[in-house]
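These are my notebook entries on a protein model that I looked through element by element.

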Amino acid sequence: MTPDPNAVDGRSGLLSYFPTHRRPSRRPHSRSFHFQNLRRRTPTPHLPVMEEKTVDTPPSEPYGVLLYYRFTSVPDLDHLLSFYRQNCDSLSLLGRVRLSANGVNVTVGGKLSCLEKHIDAVKSFDTCFEGTDFKLASCNYPFNDDVARECGFTSLSIRVVKELVTFSSCPLLTPPDITNAGRHLSALEFHSALHTSDCISGKDDVCDGSKDIVLLDARNLYETRIGMFETPGVETLDPRIRQYSDLPSWVDDHSEQLRGKNVLMYCTGGIRCEMASAYIKSKGAGFENVFQLFGGIQRYLEQFPDGGYFKGKNFVFDHRISVASSDPKILGACLFCSLSFDDYSSRCRCFHCRMLVLVCSKCQTDEAIYVCELCQRHGKSVESISSSDFGKPKELTTEHERVYCSSDAGHGKMSALQES
């Protein structure tokens, strides 16, 4: 696929002023439990379960966020579901837990002491969790109710799902074999490879020193707009996708940029690279040398607090919104005025596709309608919005609900909001 010569640069945008609906009034918090059966694509005895619990006051003890995933065979989903329901409830954890026959994907918040107890309980639950990378970070309690609610941190949601992350919206595409994922590189190994622009050799993999290194960012456009790796002499490929399920199509269309290269991949915490690297390697000859940053950008910034080769902020899917290094450099820019800006806390979104967009405080108004650069590139603008649509912004979907939006090829595509 060749770049669109009429593409709108990410540092410009369209803004117009029309009356829109007001946000619904904020409902008071209450302590409650809610269980709901959600529909699955295929019949299964394990019905997805969602447990929601809200809290009234912040904890008096230090607060934190825990992220981890594990691809492993789960012989008894019912037993695993019961464990997470009982454990998370007893420790008053809030956030998202996704369970499948292929493993777990967890992002939860709570008292640091409770999160540490949760880690110990998971390790003791089954030997299949041995080697799991538990990423625990201390942070402030989520005082912004709107952001916390949108990120799922005002309740506990536990679901049994078909896929831990939605790799592709195409039902005909078979998910890649996760056992064929790219080799893990520690933060130090990853940094060293970028620093020397040299090959990496390991016990199981031998890189061809004649092959060039190329960096592949497996994240969405709104994430890369505020932070990404920038390394002199090393090409960084930014797919500029709206959601992760668009990545397979991008890889198919740009495979020649990856063929014969040492491909170094990265994402927020690692799980998206597992699937994507396996998909790239499944293409066969010329795609053998694929590597991924173990623990993602989060582990890299822990190893290199000054940011190292990562510039800007690391977008995260919880109430923190983003995590910065000690480097004050701002990579993002306001969609409208192009001034340096990288704060998504206002949750401004594209009218058409609902993707997050960067709009500085000076350019924000209650009546503003924003159109993201991807929609602009595909001919959508403020002028294309029917007058009957004013006051009817598209509703935000929950994590596994689908919305109809256009793809790069111009065909309809089903997408989903998802965590890293």
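**Overall composition**

I began with burial: of the 420 residues in the protein, 53% are buried, where buried means under 20% relative accessible area, exposed over 50% and partly exposed in between (1.4 Å probe, protein chains only). I noted that this is a predicted model, in which local features need pLDDT of at least 70 and side-chain atom pairs count only at pLDDT 80 or more, while totals for chains, interfaces and linings use all residues. I also noted that residues are numbered from 1 along each chain as its sequence is written, and that side-chain values use heavy atoms, with hydrogens and water left out.

I then looked up the secondary structure, which comes to 9 helices and 19 strands; these are DSSP runs (helices H or I, at least four residues; strands E, at least two), numbered from the N terminus. Of the contacts with a separation of 6 or more, 70% are between residues 24 or more positions apart, a contact being heavy atoms within 4.5 Å.

**Cavities**

How many cavities of 30 Å³ or more does the structure hold? I found 2. A cavity is a set of points on a 1 Å grid over the protein atoms alone where a 1.4 Å probe fits but cannot get out, and lining residues have an atom within 4 Å of a point. Grid points are joined across faces, edges and corners, and the volume is the space filled by probe spheres set on the points.

The largest cavity has a volume of about 120 Å³. Its lining consists of 13 residues, with R225, L335, V357, L358 and E373 nearest the centre.

**Aromatic pairs**

I counted rings of Phe, Tyr and Trp (its six-membered ring) as paired if their centres lie within 6.5 Å, with planes under 30 degrees apart stacked, over 60 edge-to-face and the rest tilted. The count comes to 16 aromatic pairs. F229 and Y266 are edge-to-face, because their ring centres are 4.6 Å apart and their planes stand at 70°. This pair links distant parts of the chain, 37 residues apart: F229 is in strand β11 (residues 227-229) and Y266 in strand β13 (residues 262-266). Both F229 and Y266 are buried.

I next looked up F315 and F317, an edge-to-face pair at 5.2 Å centre to centre and 75° between the planes. F315 is buried at 3% relative accessible area, and F317 is buried at 13%. One aromatic cluster is formed by F190, F229, Y266, Y300, F304 and F310.

**Q292**

Q292 is in strand β14 (residues 290-293). Is Q292 buried or exposed? I read a relative accessible area of 1%, so Q292 is buried. Its side chain makes a polar contact of 3.4 Å with the side chain of S277; a polar contact is a pair of N or O atoms within 3.5 Å, and within protein one must be able to donate a hydrogen and the other to accept it, with residues adjacent in sequence counting only if both atoms are side-chain atoms. Leaving aside neighbours within four places in sequence, the contacts of Q292 include R183, H184, M265 and E274.

**D252**

D252 lies in helix α6 (residues 247-253) and is partly exposed, with a relative accessible area of 35%. Not counting residues up to four places away in sequence, D252 touches Y279 and K283. The side chains of D252 and K283 are joined by a polar contact of 2.8 Å. D252 and Y279 are 27 residues apart in sequence and 9.8 Å apart in space, C-alpha to C-alpha.

Note on methods. 1 Å grid on protein atoms, 1.4 Å probe; cavity = no way out; pocket = protein on both sides within 12 Å on 5 of 7 lines; lining within 4 Å.
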